Amino acid sequence: MVKKLTAVAAGLALSTALLAGCGGNDNNGNNQAASPAASGFAASQGASAAADNPYKDPMEISVAFWDADAEIAKIAKDPIAQEVLQKFNITLKPVNTTWDDYAQKIQMWAASDQLPDIFAIDAIGTQYQRKWVEQGVVKALPDLAKYPNLAEYFEAPDIKGLSVDGKYYTVPRRMFPSVDWSALDRVVLYRWDLAQKAGITKEPETWDEFEAMLEAITKADPEGKRIAGLTTTQNKLIGGLFWLYGNPVATSDGSGSDFKWIEEDGKLVPAVFSKKALPALQNMRDMYDKGLIDPDIALAKGSDSYDKFVSGKAAALLSGGGFVNFNGEIYEKRWKTAYPDTDITQSVKVLKPLVGPDGERAHAVFKTYWSESYFSSRVDDKKMDRIMALYDYILSPEGKDLLIYGKEGVDYKVEGGKKVMIETASLNEKYPARNFLRQLVAYETSDSYDMNNPLIANESIRKEAVDYIDWVLKNTKVPDYDIRLTYMSTPTKDKFSVLDQDDLLKVMLSKEPVEKAWNDILKSYKAKGLDKMIEEVNAKAKEEGIQ
Amino acid sequence: MADPTTARAPRRSLGKTILQYKYFYLMVLPILVWYALFSYGPMYGVTLAFKTFNYGKGILGSPWTGLDNFKTLLTDPEFRTAFFNTIVISVMKLVIHFPMPIVLAIVLYEFSRNKARRFFQTILTFPHFISWVVLAGIVMNILSKDGIYNQIAMLFGADPSSPLVDERAFRPILYITHVWREIGWDSIIYLAALAGINPELFEAAEVDGAGRFRRLLSIAWPGIKSTVSVLLILHVGQMLTQGASFEQIFNLYSSPVYSVADTIDTYIYRTSFTVGGDFGYMTAVGVVKSVISLVLLWAANTFAKRMGEQGLY
């Protein structure tokens, strides 16, 4: 009898332990089973560590990054990535996140004290990021004097402005050297081949010309596919186009927390709520009512929209990622299979920033970075030093060259101060983890806009890209605004979000007149404390001497 | 002297009962451990509704704020919209959807032979096994610019439009697609109840001259009435969660229809993860929903008992 009871009790205890074990999730490096890729070269690290090497002790660093499992697994096939990691005697342990779940996962890990050593998220300006800093969830960066490339990196005005009481808590993932380059992150591609078939002879430069072109294409429908007008890859992007009609400072990255402020009638107000909003909204609504915008735009999804555009079911596409996505998502994945004998740059054009009602050519205005690296407060100083050293190297000229162009003398040579590629095959295949390693620290998308850089593989598209950004830098100007106001913290502002893309869609699809629809939206923002936030920001700006 | 038939049996202590049926209780133990670990244990998290969450201190160590979160909730216009939508969508789904599987079961039982019944049952049950992510894709394709809906609408001269972004059309789409997905699955239990009725009763009624309608009213309906009442109570209890199904709405809605589609669950999700709301406040929102569900369950149970049915407890 006792035996029976003991056996049953032991069985129950075992099953309970199993259940409890299934529920656990250890992201703090306690799990010694690293990925095959990471452990594969870890063995060789010990041998290579010289006695005087400051990095002689091997170190495992857990990293939460988009698709980290797959990205870190590629390290085993990438001699360059292995070389860089061996230099610092680091093994990376992947903690997977995806584009669909990263925000949720990281917040859950933060709440349950399970954050990995490094994690990637776009959280600047949000309530929870402020709490992470205040409540010691994330570790402050050490003195950057020891890391010259990182120190230089933090000199950009909108990155420098991120300090909290003189300390930095994040390394922003920079894309562009200046705000002007954000013209690249909301580009409109249009089907010039179909426009020509519809009788258009001049590439559009004004809003009227752009609308006339869309109208011509949708009416003529040259391929008989019941072509729609403008569509987008995701709704987050639409403010980046429609606010450009006379209210460009209102453009935002879609996070809800990076809205910019302008002075109007002697008072600072968020640009989205300025008087200039109504004409921009009316212009957008007119376009929708005339059938120049895809009726399904509110439900747009990335891959479907790319398909729609390439297959000739949409005349224009508002897309993120500039010419890099133009090359990757449009050309590589779709166009070259569908139209193998066509030069894509003759059929698809990128819209130049249009001349707005004020006579200015405006483009979207963002921060120079998108998303950031944070470091768990559990990371000790020794590990933090190793991470900073890795980051510093990746940002150094040597690290950059290695991760962009490959090995000198093998993949490229320098002639007359210019890099000339020797390797003709795709470097992405030869060094499949190098982009992950680069992007762990910074995107530096601007590096791709160089005729020597092979990242935009199609040379015609690369040429267009280089010409486009040159043209933008010469012909457009960034409107006035003070980034300090965007970063400013006040009790109401910290809880306030402006998801203008949602508001634009509401106005676009509303059956009410634009003014009435917009006033209803304003009312709901006022109920959430808009006026109080404006008061607080004005008072604090005065206190801090910001005009 | 007490009547031996009405005298109560002497009460046995719980300990003695457990000892007598020890092996049965041991078999139940894993389930109890499961509930304790994963259902009752995490309930301490509900205290967060009365706190402001502090990452460093965790749920237990976070400072108490009394009813502040609930006060904020009352003044939050988006919560009010979400609350109203949850009630409307749940009630309408209950009213529209609940009778349909009963009708379907009766129709299938009464009007089709065995093979045809199985065929229709399989066809109608199948959508239940497709996730809302996939079904939403199908619905979107049907209602998109190139979808069947617009192709027919354009034949009659209408401009292409997407009903999924139309405030007037969105809720009816929710109701229709919900019925489409669940009607077959929900009818199974009624079919089982109907199958449990003694066929001789139907035969006898037929001999007595009862028509189809009379047989349904006097034999089939009383036979499944108690099942209907238990399922009604269960549906009401889950009305605010499964009624205003998160997956369905989340996969179908977009910002132009938030005013008619944002429910408490989608509101919590959007605010917590997209904008970054306070966990304490979001827990308070969840607690309100649970309390309402509890009240509804109690009301439905009482109603069922008053109607002479058994109820759940």
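Me: Why is S182(A) called buried in this model?
Reply: In this predicted model, S182(A) has a relative accessible area of 0%, and because buried means under 20%, S182(A) is called buried. S182(A) lies in the loop between β4 (171-174) and β5 (187-191) of chain A, where it touches F176(A), A364(A), V365(A) and F366(A), not counting residues up to four places away in sequence.

Me: What makes Y40(B) exposed rather than buried?
Reply: The relative accessible area of Y40(B) is 55%, and since exposed means over 50%, Y40(B) is counted as exposed.

Me: What is the extent of the interface between chain A and chain B?
Reply: The two chains bury about 3500 Å² between them, and 63% of this area is on carbon and sulfur atoms. In terms of contacts, 41 residues of chain A meet 42 residues of chain B.

Me: Why is R226(A) called partly exposed, and what is its phi?
Reply: R226(A) has a relative accessible area of 37%, and because partly exposed covers values between the 20% limit for buried and the 50% limit for exposed, R226(A) is called partly exposed. Its phi is near 50°, a positive value in a residue other than glycine, and R226(A) lies in the loop between α10 (207-220) and β6 (228-232) of chain A. Most residues other than glycine have a negative phi.

Me: Why is E444(A) called buried, and what of R174(A)?
Reply: E444(A) has a relative accessible area of 5% and R174(A) has one of 17%; because the limit for buried is under 20%, E444(A) is called buried, and R174(A) counts as buried too. Their side chains meet in a salt bridge, at 2.8 Å from N to O. This pair links distant parts of the chain, 270 residues apart, with E444(A) in the loop between α19 (434-441) and α20 (459-475) of chain A and R174(A) in strand β4 of chain A.

Me: What makes E155(A) partly exposed, and which residue does E155(A) pair with in a salt bridge?
Reply: E155(A) has 47% relative accessibility, and since exposed means over 50% and buried means under 20%, E155(A) counts as partly exposed. The partner of E155(A) is K160(A), and the closest N and O atoms of this salt bridge are 3.2 Å apart. K160(A) is partly exposed as well, with a relative accessible area of 42%.

Methods: Residues numbered from 1 in each chain as written. Chains lettered and ligands numbered in written order. Predicted model: local features only at pLDDT ≥ 70, side-chain atom pairs only at ≥ 80, totals over all residues. Heavy atoms only, no water. Buried < 20%, exposed > 50% of the residue type's maximum accessible area, 1.4 Å probe, protein only. Contact = heavy atoms within 4.5 Å. Buried area = accessible area lost by both parts, 1.4 Å probe. Helix = DSSP H or I, 4+ residues; strand = E, 2+ residues; numbered from the N terminus. Salt bridge = Lys/Arg side-chain N within 4 Å of Asp/Glu carboxyl O.
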